[in-house]
Amino acid sequence: MTATTQDHDDLAYNVFAKACPSRGTLEHVTGRWGGLTLGALYEGPLRFNELRRRVDGVSEKMLSQTLHALERDGLVHREAQPTNPPRVDYELTPLGRRVAERLLALIHCVEDAMDDVLTARARYDETRGAL
C-alpha cells in the first residue's frame, strides 16, 4: 500500500468509498449547476432571479433543487426577508466560499486551456470521426 493510499484509508471520509457521504456533496459541488451556482455566488449575494440570469441556461426547477442541496450541505445560506413580495437572498457560507475558491481555480484553468482543448477535439474528430 502506498503512502497516498494509506492516507486515504486513514481519513474519516473517503470520497472513493461507495458509501461515503462526501460523494453526495462532491456531486452537488461539481455537478453542472452546482459548480456554476457556487461560482456565481462567490461574487456576492444574489436573489433567485438574479442568480438564474447569472447562471445562463438553468431552469427555475433545477436552480431551486441545486440551491436546496447546497443549502443542506452547508455551502449556501438562504435569507428570506418578510417583505411583500417576499425577498429571498442567497449567499455562500464560509465553507461555501472555501469550496467556491477551489472550484473557481478549476474553472479558470479550464477556461485558460480551451484553445488547447478545442485543438485536441478537432484532431480527435479528424482521426476518429466526429461524434
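Student: How many disulfides does a search of the whole structure find?

Tutor: A disulfide is a pair of cysteine sulfur atoms within 2.5 Å. The search here finds 0 disulfides. Before we go on, this is a predicted model, where local features need pLDDT of at least 70, side-chain atom pairs count only at pLDDT 80 or more, and totals for chains, interfaces and linings use all residues. Residues are numbered from 1 along each chain as its sequence is written, and side-chain values use heavy atoms, with hydrogens and water left out.

Student: Is Cys-20 buried or exposed?

Tutor: Buried means under 20% relative accessible area, exposed over 50%, and partly exposed in between (1.4 Å probe, protein chains only). Cys-20 has 10% relative accessibility, so it counts as buried. Cys-109 is partly exposed, at 48%.

Student: Which residue just after α3 takes a positive phi?

Tutor: Most residues other than glycine have a negative phi, and most peptide bonds are trans. Here it is Gly-44, with a phi of about 140 degrees. As for peptide bonds, a cis one joins Asn-84 and Pro-85, with omega about 0 degrees. Pro-85 sits in the loop between β2 (76–81) and β3.

Student: Which residues of the largest nonpolar core touch the most other members?

Tutor: A nonpolar core is a set of buried Ala, Val, Leu, Ile, Met, Phe, Trp, Tyr and Cys residues joined through side-chain atoms within 4.5 Å. The largest one has 20 residues, and Leu-38, Leu-41, Leu-51, Leu-67, Val-76 and Tyr-90 touch the most other members. The elements giving two or more residues to this core are α3, α4 (48–54), α5 (60–72), β3 (87–92) and α6. Helix α3 gives the most, with 4 residues.

Student: What does Leu-51 touch?

Tutor: Contact means heavy atoms within 4.5 Å. Not counting residues up to four places away in sequence, Leu-51 touches Thr-37, Ala-40, Leu-41, Leu-46, Leu-63 and Leu-67. Now take Leu-63, which is in helix α5 and is buried at 0% relative accessible area. With neighbours within four places in sequence set aside, Leu-63 is in contact with Thr-37, Phe-48, Leu-51, Arg-52 and Val-58. Thr-66 is also in α5 and is buried at 10%. Under that kind of count, leaving out residues up to four places away, Thr-66 touches Trp-33, Gly-34 and Thr-37.

Student: Where does the largest share of the lining of the largest pocket come from?

Tutor: Rolling a probe the size of a water molecule over the atoms shows where empty space is left. On a 1 Å grid over the protein atoms alone, a pocket is an open set of points where a 1.4 Å probe fits, with protein on both sides within 12 Å along at least five of seven lines; lining residues have an atom within 4 Å of a point. The lining of the largest pocket includes Leu-36, Glu-43, Arg-54, Asp-56, His-108 and Glu-111. The elements that give two or more residues to this lining are α3 and α6 (94–112). The largest share, 4 residues, comes from α6.
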